[in-house]
Amino acid sequence: MNKRLSVLALALTAALTVAACATTAAPAPQASAPAQESASAETAPAIKDGGEFVYGLATEVNNFDPFKATTADAKSIYFNIYEGLVKVTPEGTFEPAVAESYEISEDAKTFTFTLRDGVKFHNGSTVTTKDVLYSIQLAIDNALNGFGNIESIEAPDDKTVVVTLKEGNIDFLSAASTAIVPEGSDDNGEHALAPIGTGPFKFGEYAVQDYVTLERFDDYWGEPAHLDSVKVKFIASSSDYQISYQSGAIDGFTANAGITEQIDKNTAKIFVANSNAVQLLALNNDFEPFSDENVRKALCYAVDSTEIIDTVNYGYGVKLGSGLIPGLTAFYDETLADTYDVDIEKAKSLLAEAGYADGFTFTVRVPSVYQVHVDTAQVIVNQLAKIGVTMNIEQVDWATWLEKVYSNRDYEATIISLDGSIASPTAFLARYVSDAHNNFVNFKSDAYDEAYKAAVASIDEQERIAKFKECQKVLADEAASVYIQDISNILVYNNHFDGYVGYPLYAVDFSVIYKVD
Amino acid sequence: MRYIIKKIIILILTMLLISLFTFFAFHIIPGDPARLILGTEASEEKVALLRSQLGTDLPLSTQYTRWIGGFVRGNFGNSIRYSMPVSDLMKGRIEVTVLLGLMVIVLVLAIGIPMGVFAAGKKNTIIEQIINFFTMLGISFPGFFLSILFIWIFGLILHLFTPGRYVSYENSWPEFWRFMFFPALAIAVPEIAILTKYVRTAVLDELSEDYVRTAHGKGISFYAILYGHVLKNAIVAIIPLIGMMIGSIFSGSIIVEQVFAIPGIGRLLISSVTGRDFPLTQTLVMYVALVIVVTNFIVDILIQVIDPRIRLQGK
């Protein structure tokens, strides 16, 4: 029996090994920011409607419930199926969608939405206030961010929905971009595999581990999509993008910048976009040397973000100095990116001041599924060696990272990109409040807590902006962690397709893609 | 009969042991399926809510007895990541892997046995050296490396198939076989090499038996002895090897399915492990184990039917 068991053990070991190196997991970065580069900029070809676009995706989307499935890749796909009362614009503001207009009371406690006439669901029925109430209730039941603050929801007439909050919060508007679905459509969990929304594409066919198709929704209230359909093809791993693209199995995909070195730019359209995630060397502020602000600052002075961007990302990345993405232009403070210019001597003296003149040793836990973070770790090892600090790299699989590092905060340092589920500064900055459930860096600062509280409570746009900028400044000044960059993503289409719009959150807008000949 | 009953009892005990191993192995390694599904942005309440919906907050012993109880009754439970019953997920995927496996077996037998016999016939010649060289090469190549090599050569250079574009047999059988041929070959190559060596040795052993010399002395031609007597006896020695091969073909397909993006059992197993989809992983492992254990059981029975001397050892 020994041999047989060992064969099985072998199979399992093999499975685990491959699993560890082959999959990309949840919050991978994606699209945004206007295209900065279009490699084959031919004379603008006429837009031709119709056709199918095959989009490669290295992770599998296996749940289409907008209230449950929140892996970043799932969100990027169902962006095309669902719409909220409002929806995000490429600039990061919100415009009416299922609602025709909205009004926010002076104290930001009452949000009044007026429904647009004749918005249809994919099943043919027209959106009513009942559907809206049902959808908001689902969001509350599923504890979605922002919905815990709701005091009451009501529909005074058949075109109006009024949401009353417990505490005034202007940011509720970003939460109002959550999907609107037909009343009763998820009473038995149907959303997971039979989603119905109001977006430009309706759900087509889903083949497990193979593909999902989206078909153009002809009764869409807004600008209809150009393509007849989109086939999202699940490929085995991100290293297979190039093979599938070159063989013609897929027409387009989103990948890390390294891909530009491997793609024939004469036959491809390349769009560069921010990933809208903050890559950082997260330092556990409760871990012995990192509890000292001077030690954290020393690391900030020693780590050269520009070198990381150039070597790991072929120059495609935006240097960061704090915890917010540049995509949220109104709130982003770009001056902070230069808070710590590389200064080895200063770093050394800060270490000496903290009592670590001879340096120290720590371990960085890196999720092995993200090659970019593993590569970044290797560059940082050399940079820290210059100030006598030894960093050991420990690679862990994604599930382990989530549990040990993220949930249990059992780590010394890690490298990760943090993304936002909604286009709001709160999605990035809430985690640094001292008692936040997701404050996995254990950052504690009274100045920060105060500024953040003021920012959230404020209903004056200018004051909000000022306070959120103050938050970013505290993060930089007190060196919450070592902020590195917003990694750029590269969108590649073959030359039969064109059209691209980016958003300051994780989304791929298929409705703007069109076929060219 | 006593022999068979004893074998069946061992079979059941093996399966029970495997069920314990797989269940606890996947619960010891870190990773919370609820957190994995919801990602880093989800609030604690949301994760806790999902955990209780999934039943992963129950004590381990309760989870195990629930699962094994359902399993015995044919209820494999619901997948955590795919919102469907495990049995629905396995349908359609088992066929793919089984068809892949059959293709591998056909390739292995159709190439391995003739090659082995041929090699035995060419003992002490340069041709034997060449065959030896290639079998060594074949054994040394790992399946995933061959897969990548095949994708590059047959897919991207020769365009014999389109890498990344799997075609379901429901749509087109010829296209399905065309796509599946190269993954099957990638799994088959190391097995062919092993079988060739094994057959060669078995045939050479057989050839040194006394009856061969006698037959030779009677003036029967070498090839008549080879195909009439030697091969038949040699094959008996090969049957256990084929039983073992089922196991390595399965483990080979786990990796190769991943590289070629074939939606079969293997790829499902990998994604279920990374996604900590316990009900799915456990059922898949049990399924694979069952296939291997039962195949070996059949092989044991088969051998003893062919050669009753083994029964005596069994007692």
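**A guided look at the two chains**

Guide: Gladly! Let us start with Tyr432(A), which sits in the loop between α11 and α12 of chain A. This is a predicted model, where local features need pLDDT of at least 70, side-chain atom pairs count only at pLDDT 80 or more, and totals for chains, interfaces and linings use all residues. Residues are numbered from 1 along each chain as its sequence is written, with chains lettered from A and ligands numbered from 1 in the order in which they are written.

Visitor: What makes a stretch a helix or a strand here?

Guide: Both are DSSP runs, numbered from the N terminus: helices are H or I with at least four residues, and strands are E with at least two.

Visitor: Why is Asn442(A) called partly exposed?

Guide: Asn442(A) has 17 C-beta neighbours inside 10 Å, so it is classed as partly exposed. Asn442(A) lies in the loop between α11 (425-429) and α12 (446-457) of chain A, and has a positive phi of about 55 degrees although it is not a glycine.

Visitor: How do you know whether Ala479(A) is buried or exposed?

Guide: Ala479(A) has 25 C-beta neighbours inside 10 Å and therefore counts as buried. Its place is the loop between α13 (461-477) and β18 (482-494) of chain A. Phi of Ala479(A) is near 50 degrees, a positive value in a residue other than glycine.

Visitor: What makes you say that helix α6 of chain A is mostly covered?

Guide: Eight of the 10 residues of α6(A) (residues 293-302) are buried, including Val295(A), Leu299(A) and Tyr301(A). What covers the buried residues of α6(A) includes β13 (277-283), α8 (344-353), α9 (371-385) and β18 of chain A.

Visitor: Why is strand β1 of chain A described as largely enclosed?

Guide: Five of the six residues of β1(A) (residues 52-57) are buried, so the strand is largely enclosed by the rest of the structure.

Visitor: How do you know that β1(A) and β10(A) pair?

Guide: Two strands pair if DSSP finds at least two bridges between them. β1(A) and β10(A) (residues 229-234) have six bridges, in the parallel sense. Tyr55(A) stands opposite Val232(A) in β10(A).

Visitor: What about β4(A) and β5(A)?

Guide: β4(A) (residues 99-104) and β5(A) (residues 110-115) pair in the antiparallel sense over five bridges. Glu103(A) has Thr112(A) in β5(A) as its bridge partner. The hairpin has five residues between the strands, and Ala108(A) in this hairpin takes a positive phi near 55 degrees.

Visitor: How many helices and strands does chain B have?

Guide: Chain B has 14 helices and zero strands. Buried residues make up 40% of its 315 residues.

Visitor: Why is α12(B) called oblique to α13(B)?

Guide: The axes of α12(B) (residues 265-274) and α13(B) (residues 278-306) come within 8 Å and cross at roughly 140 degrees. That makes α12(B) oblique to α13(B), because angles under 35 degrees count as roughly parallel, over 145 as roughly antiparallel, 65 to 115 as roughly perpendicular and the rest as oblique. Axes are lines fitted to C-alpha atoms, for helices over the stretch in contact, and angles run from 0 to 180 degrees between N-to-C directions.

Visitor: And how do the two chains meet?

Guide: 54 residues of chain A are in contact with 54 residues of chain B. On the side of chain A that touches chain B, α1(A) gives the most, with 12 residues.

Notes:
Buried ≥ 20, exposed ≤ 12 C-beta atoms within 10 Å, placed from the backbone. Contact = placed C-beta atoms within 7 Å.
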